[in-house]
Amino acid sequence: MTARVRSPRIAVVDYGAGNLVSIDQALTSVGASVVIARDPTEIDDADALLVPGVGAAGPAMERLARHGLVDPIRDWIGAGRPYLGICLGLQLLFEGSDEDGATTLGVIPGRTVVLADAPTLPHIGWNQVERLRPHHMFAGIEPDADFYFVHSYAGAPAGPDAGAVTLANTTHGGTFVSAIARDNVIGVQFHPERSGRDGLRLLANVVDLVRTGGLTATPAATVAI
C-alpha cells in the first residue's frame, strides 16, 4: 500500500485585504491543507505562511497591527520558515511604500514604488513574467508565461544584493520586479490564484517546496541583506 503524502498546512493571513476564497480553493486543489489565520495563535502550527492582499500598504499594516500579526510575521520569516507573499503581500516585505508613506515589514531592503512610465494605471490583466534565473516555484511553466496582474505599485529591491533577490521582471511601460526569492521567502506581484493553469502549477510547486523542506532556511540565512 502506498503511503499517503501529508498535505502541508498553509496559514493564509486574513487581514481584510485579500481574495481568500479563491486562494483557499486554489491551494486546496493542489494538495494543501488551508487554515485562515486571523490572529497569531492560528499560524503557530502551520508549515507555511501566505500573506495575500490588495489595496494600500498603510491600511494593510494597520490591520496587521490591530490583529497582533506584525511581529509574528517578522519572527516567522526570521526563524527561516516558508513565506509566500502575493501582490500586496510581496510589497509589505520591503521597508516602506511610496503609495502612502507607510513603514512596512522591512524584511527586504528597498521600497514599493509606482510603476514607471506605465501606459495605464492600474496595470490590470495578463502580462509576461520574464524569469531571470531558475527556481522550483516556476518548474514546468514555460519561460515568459503570462500571469494576471492588478496593481499600480511594485516592490523595488535595493542594496548590493538586489539582483540576487529579484527572480523575475515584467514590462508595463517600464520594467518592474514581478517575483522575488531569498532563502525561505518568495513573493509574486501577480495573482496565481487568478492565473489559470500556470497559476495553479506555481502554487503546486510552492506546496511541493513546503512539503520537501525546500523553503526552509536556517535563521542565520534570513538576516536582511
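Two strands count as paired here if DSSP finds at least two bridges between them. By that rule, this predicted model contains an open sheet of eight strands. The strand order is β2-β1-β3-β4-β13-β12-β11-β8, and the pairing is mixed. The edges are β2 (33-37) and β8 (130-131), each of which pairs on one side only.

β12 and β13 run antiparallel and share four bridges. Within this pairing, A179 stands opposite V188 of β13. The loop between β12 (174-182) and β13 (185-188) holds D183. Its backbone deserves a look. D183 has a positive phi of about 55°, although it is not a glycine. Most residues other than glycine have a negative phi. How accessible is D183, buried, exposed or partly exposed? With a relative accessibility of 39%, D183 counts as partly exposed, because that class covers values between the buried limit of 20% and the exposed limit of 50%.

A second residue has a positive phi. C87 is not a glycine either, and its phi is about 55°. C87 sits in the loop between β4 (83-86) and α4 (88-91). Is C87 buried or exposed? The relative accessible area of C87 is 4%, so C87 is buried, since the cut-off is under 20%.

Another antiparallel pair is β6 with β10. Five bridges join these two strands. Why is β10 described as largely enclosed by the rest of the structure? Four of the five residues in β10 (residues 153-157) are buried, so the strand is largely enclosed.

From β6, follow the chain onward. The loop between β6 (110-114) and β7 (123-128) contains P122. The peptide bond joining L121 and P122 is cis, with omega of about 0°. Most peptide bonds are trans.

Conventions: Residues numbered from 1 in each chain as written. Predicted model: local features only at pLDDT ≥ 70, side-chain atom pairs only at ≥ 80, totals over all residues. Heavy atoms only, no water. Buried < 20%, exposed > 50% of the residue type's maximum accessible area, 1.4 Å probe, protein only.
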